[in-house]
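Welcome, and thanks for taking a look at this one with us. Here is a short briefing to read alongside the model.

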Amino acid sequence: MKFKEFLAGILTGIAAGIVVSKVIDRVDPNVPADSVLKTIKDSFKEEGPIDGSWIVMKPEPFQNNVIKMNVYRGGISRIKNGELEQFEFAANSSTGTVVELTKV
């Protein structure tokens with residue numbers, strides 16, 4: 001096999017990989033909801049144990065002033081200093097970044 005044929009095969013493989021990656025992103029550009037929840041739970045666990053958590057698996061529209069995006073909604077509860085604390089959050093479904101966190 002000649003070097004040019006070998007190189008052409010490698011380049012073809014790379015191009016095919018890029019195309020497949022783009023197609024997969026178009027099918028579902030969202031970060032998995034359970035992955036987002038795990039990341040948020042890990043952040044809360046740095047301050048102490050959590051009591052419970054939940055997340056809605058289907059993204060919903062969210063608008064904060066002029067910014068529009070799809071978000072996962074969820075919540076975390078924990079006991080701190082003998083009292084129950086509950087938080088609700090909205091996390092960008094494309095990146096997993098928390099865009100809203102409120103204490104309930």
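## Briefing on the chain

Of the contacts in the chain between residues at least 6 apart in sequence, 35% join residues at least 24 apart. Please keep in mind that this is a predicted model. The points below go from the overall layout to the nonpolar core, and then to the charged pairs.

**Overall layout**

- The chain holds two helices and five strands, and from the N terminus on these elements follow the order α-α-β-β-β-β-β.
- The radius of gyration of the chain is 21 Å, whereas a compact globule of 104 residues would have one near 13 Å.
- Taken along the principal axes, the C-alpha atoms fill a box of roughly 75 × 30 × 20 Å.
- Buried residues account for 23% of the 104 residues in the chain.

**The largest nonpolar core**

- In soluble globular proteins, nonpolar side chains tend to be buried together.
- Here the largest nonpolar core has 11 residues: Ala33, Val36, Leu37, Ile40, Phe44, Ile55, Tyr72, Ile76, Phe87, Phe89 and Ala91.
- At least two residues of this core come from each of helix H2 (33-45), strand E3 (67-80) and strand E4 (83-92).
- Helix H2 gives the largest share of the core, with five residues.
- Which residues does isoleucine 55 touch, leaving aside those up to four places away in sequence? They are Ala33, Val36, Leu37, Tyr72, Arg73, Gly74 and Phe89.

- Side chains of opposite charge can pair when their charged atoms come close.
- Across the whole structure, a search finds seven salt bridges.
- One of the pairs is arginine 78 with glutamate 47, whose side chains meet at 3.1 Å, N to O.
- Are the two partners buried or exposed? Arginine 78 is buried, as its relative accessible area is 6%, while glutamate 47 counts as exposed at 56% relative accessibility.
- Glutamate 47 also forms a salt bridge with lysine 80, where the closest N and O atoms are 3.9 Å apart.
- This second pair again links distant parts of the chain, with lysine 80 in strand E3 and glutamate 47 in the loop between H2 and E1, 33 residues apart.
- Lysine 80 counts as partly exposed, at 35% relative accessibility.

- Glutamate 85 is buried, its relative accessible area being 13%.

Notes. Residues numbered from 1 in each chain as written. Predicted model: local features only at pLDDT ≥ 70, side-chain atom pairs only at ≥ 80, totals over all residues. Heavy atoms only, no water. Core = buried A, V, L, I, M, F, W, Y, C linked by side-chain atoms within 4.5 Å. Buried < 20%, exposed > 50% of the residue type's maximum accessible area, 1.4 Å probe, protein only. Helix = DSSP H or I, 4+ residues; strand = E, 2+ residues; numbered from the N terminus. Contact = heavy atoms within 4.5 Å. Salt bridge = Lys/Arg side-chain N within 4 Å of Asp/Glu carboxyl O. Rg over C-alpha atoms; globule rule 2.2 N^0.38 Å.
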